[in-house]
Amino acid sequence: MANFYLKFNSEDDSIDFNNAVSIYDLGEILKSLFSAISAKKKDNIVLSQVTDNCYQVGFATTNKFLEKRVEDLGQEIIEKRDLELSPSKLKFKKAVAKPMKEKWYLEILNSDKQPVVTLPYGFEEKSIEYYFSNKSYEGFITEIGDKELNPSNLHIYISGEKNFKIFIEQDQHDELAKYYRRAKVRVKVRLKKSLTSERILSAKLISFKAKADKNFPYNIDEIDLSELNFIYE
């Protein structure tokens with residue numbers, strides 16, 4: 001069993017009946033949270049606590065990994081630009097920002113009821129310090145393109161590296177498309193990383209090379225898909 005909590009608070013105790021979070025906005029936050037942490041019905045996330053002296057709601061779940069996913073989600077929506085987030089995480093970010101008022105903040109608490117992430121008013125507009133580094137990855141292309149056909153958002157995901165998009169140019173897209181789910185590629189990527197948390201904020205493809213492995217089937221349909229780590233939204 002695992003627990004996590006969401007707690008709205010303010011610097012000047014301004015949260016009251018006349019200045020509060022509507023049940024509609026809270027519902028949007030919880031609904032989008034469910035998708036953003038890739039929760040399933042079998043995880044049995046239930047309301048475990050409502051605290052009457054502040055805006056704090058607690059949740060219990062049979063999936064022990066969800067507590068960490070909620071914490072990671074909070075860090076991610078603070079540090080990443082909208083373009084760098086998956087659609088489900090971006091929806092959660094907007095749902096949290098919508099009811100926030102000046103001097104308010106939302107805390108994410110762990111099983112010990114200790115704050116692990118704080119989202120202050122205006123968090124979605126703040127910028128953070130970062131640095132760049134280069135790194136290579138190897139795997140299958142498990143997603144390519146952009147669902148909205150936006151050329152500035154063309155990207156790929158590499159199997160085993162599901163936590164961040166790798167942005168690509170149109171000419172790279174045209175070349176990489178032939179290897180989608182068919183052959184391993186080795187990619188060299190420029191990473192943008194948070195200076196404080198070391199989290200990857202975004203990634204851009206520098207170069208790539210298809211792997212020629214005579215011992216590996218060229219068509220991915222010939223192998224067990226359970227061996228691959230695909231991205232699902």
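Keep in mind throughout that the model is predicted.

Lysine 80 sits in the loop that links α2 (66–79) to α3 (87–97). Now show its surroundings. Leaving aside residues up to four places away in sequence, lysine 80 touches Leu85, Lys93, Asn163, Phe164, Ile200 and Leu201.

Zoom out to the whole chain and colour by secondary structure. There are four helices and eleven strands. Of the 233 residues, 43% are buried. Among contacts between residues at least 6 apart in sequence, 63% join residues at least 24 apart. With a surface displayed, the accessible area is about 13600 Å², and carbon and sulfur atoms account for 48% of that.

Next, select β1 to β5. These five strands make an open sheet, ordered β2-β3-β1-β4-β5, with antiparallel pairing. Which strands stand at the edges? They are β2 (46–51) and β5 (115–120); each has a single partner strand, so one of its sides has no neighbour in the sheet. On average, neighbouring strands here are turned by 20° against each other, direction ignored.

Pick leucine 106, and opposite it in β5 you will find leucine 119.

Finally, select helix α1, residues 23–36. Helix α1 lies across β1 (2–10) and β3 (55–61), and runs at about 145° to β1.

Conventions
Residues are numbered from 1 along each chain as its sequence is written. This is a predicted model: local features need pLDDT of at least 70, side-chain atom pairs count only at pLDDT 80 or more; totals for chains, interfaces and linings use all residues. Side-chain values use heavy atoms; hydrogens and water are left out. Helices (H or I, at least four residues) and strands (E, at least two) are DSSP runs, numbered from the N terminus. Buried means under 20% relative accessible area, exposed over 50%, partly exposed in between (1.4 Å probe, protein chains only). Contact means heavy atoms within 4.5 Å. Accessible areas come from the Shrake-Rupley method with a 1.4 Å probe; for residues, only the protein chains shown count as cover. Two strands pair if DSSP finds at least two bridges between them. Axes are lines fitted to C-alpha atoms, for helices over the stretch in contact, and angles run from 0 to 180 degrees between N-to-C directions.
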